[in-house]
Amino acid sequence: MEKLIKPVRFWLCATIIILGLFGCDRFIGNSGEPVERVSDGDTLVVKDTNGKNLTVRFACVDAPEIAHTNKEKQSKRTSDRNQFSWGVKAQERVQELVQQGGDRVTLNITDSDRYGRKVAEVRLKNGTFVQQVLLQEGLAKVYRPYLNKCPSKDLVQQAEAKAKEQRLGVWSDTKFVNPWEYRSLYKK
């Protein structure tokens, strides 16, 4: 019996070490949804459990717009260039955060919007709340019309207040137009 216990103990320990070295995620699955792409500063596409793409709009916030059409990309209008410049910065920051999180996010879906997108609070594997980071860095603003559907509304309002007080990101730009105002005034 003693001869049998020793090899079993050895292989059990070896298996535990191998799993630790290679990461258990490979064997028991990663947590969170895999991110396919970051569409802009407040929207991303994830692959759901059925392998279908799901577009997710960030709850609680509105980030500056990015240029989508060639006409927008070539616009000389100051308001467009300003909006799109901040929009690219927000998009790049979200991409950076997603990469830091291993290209996976955890969603707390709170609603669906009129475009069929899921509206969700988005967190990285380590718990980082993506919307909070964008607000703290002045790369998004709290979207108050839907704040009542935001489980973390106190947290996002505090993050925005701090960035505003420190004049970070869009709060440092006197020519910045709120994304919701920009869409209503300049998008046709």
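**Figure 1. Thr110 on strand β5.** In this predicted model, Thr110 is part of strand β5, which covers residues 104–112. Its relative accessibility is 25%, so Thr110 counts as partly exposed. Set aside the neighbours within four places in sequence, and Thr110 is still in contact with Ala59, Val119, Ala120, Lys149 and Pro151. For a sense of how the chain comes back on itself here, look at Phe58: Thr110 and Phe58 are 52 residues apart along the chain, with 9.7 Å between their C-alpha atoms.

**Figure 2. The disulfide between Cys60 and Cys150.** How many disulfides does the structure hold? There is 1, and Cys60 and Cys150 form it, with their sulfur atoms 1.9 Å apart. The link is right-handed, with 90° about the S-S bond. It joins distant parts of the chain: Cys60 sits in the loop between β3 (53–58) and β4 (61–62), while Cys150 sits in the loop between β7 (141–142) and α6 (153–166), and the two cysteines are 90 residues apart. Are these two cysteines, Cys60 and Cys150, buried or exposed? Both Cys60 and Cys150 are buried.

**Figure 3. Ser75 between two helices.** Ser75 belongs to the loop that runs between α3 (70–73) and α4 (78–100). With a relative accessible area of 13%, Ser75 falls under the 20% cut-off and is therefore buried. Its side chain has a couple of partners to look for. One is the backbone nitrogen of Arg77, which the Ser75 side chain reaches at 3.2 Å. Another is the side chain of Asp80, with which the side chain of Ser75 makes a polar contact at 2.5 Å. Leave out residues up to four places away in sequence, and Ser75 touches Asp80 and Arg81.

**Figure 4. Aromatic rings, starting with Phe84 and Tyr182.** The whole structure contains 3 aromatic pairs. One of them is formed by Phe84 and Tyr182, an edge-to-face pair with 6.0 Å from centre to centre and 75° between the planes. Why does this pair tie together separate parts of the chain? Phe84 is in helix α4 and Tyr182 is in helix α7 (residues 179–186), so the pair connects parts that are 98 residues apart in sequence. Both of these residues, Phe84 and Tyr182, are buried. Elsewhere, ring pairs join Tyr143, Tyr146 and Trp180 into a cluster.

**Figure 5. Charged ends over rings.** Two views go together here. In one, the charged end of Lys89 sits over the ring of Trp86, 4.3 Å from the ring's centre. In the other, it's the charged end of Arg123 that sits over a ring, that of Phe129, and the distance to the ring's centre is 4.3 Å.

Figure 6. Some background on the backbone first: most residues other than glycine have a negative phi. Asp103 isn't a glycine, yet its phi is positive, near 60°. You'll find Asp103 in the loop between α4 and β5. Its relative accessibility is 40%, so Asp103 counts as partly exposed. Which loop holds Arg167? Arg167 is in the loop between α6 and α7. Its phi is positive too, at about 55°, although Arg167 is not a glycine. Arg167 has a relative accessible area of 49% and is therefore partly exposed.

**Figure 7. The chain as a whole.** Time to step back from the close-ups. The protein chain has 7 helices and 7 strands, and along the sequence they follow the pattern α-α-β-β-β-β-α-α-β-β-α-β-α-α. The chain has 188 residues, and 40% of them count as buried. How much of the accessible surface belongs to carbon and sulfur atoms? The answer is 52% of a surface that comes to about 11600 Å². As for contacts between residues at least 6 apart in sequence, 58% of them join residues at least 24 apart.

Conventions: Residues are numbered from 1 along each chain as its sequence is written. This is a predicted model: local features need pLDDT of at least 70, side-chain atom pairs count only at pLDDT 80 or more; totals for chains, interfaces and linings use all residues. Side-chain values use heavy atoms; hydrogens and water are left out. Helices (H or I, at least four residues) and strands (E, at least two) are DSSP runs, numbered from the N terminus. Buried means under 20% relative accessible area, exposed over 50%, partly exposed in between (1.4 Å probe, protein chains only). A polar contact is a pair of N or O atoms within 3.5 Å; within protein, one must be able to donate a hydrogen and the other to accept it, and residues adjacent in sequence count only if both atoms are side-chain atoms. Contact means heavy atoms within 4.5 Å. A disulfide is a pair of cysteine sulfur atoms within 2.5 Å. Rings of Phe, Tyr and Trp (its six-membered ring) pair if their centres lie within 6.5 Å; planes under 30 degrees apart count as stacked, over 60 as edge-to-face and the rest as tilted. A charge sits over a ring if NZ of Lys or CZ of Arg is within 6 Å of the ring centre and within 35 degrees of the ring normal. Accessible areas come from the Shrake-Rupley method with a 1.4 Å probe; for residues, only the protein chains shown count as cover.
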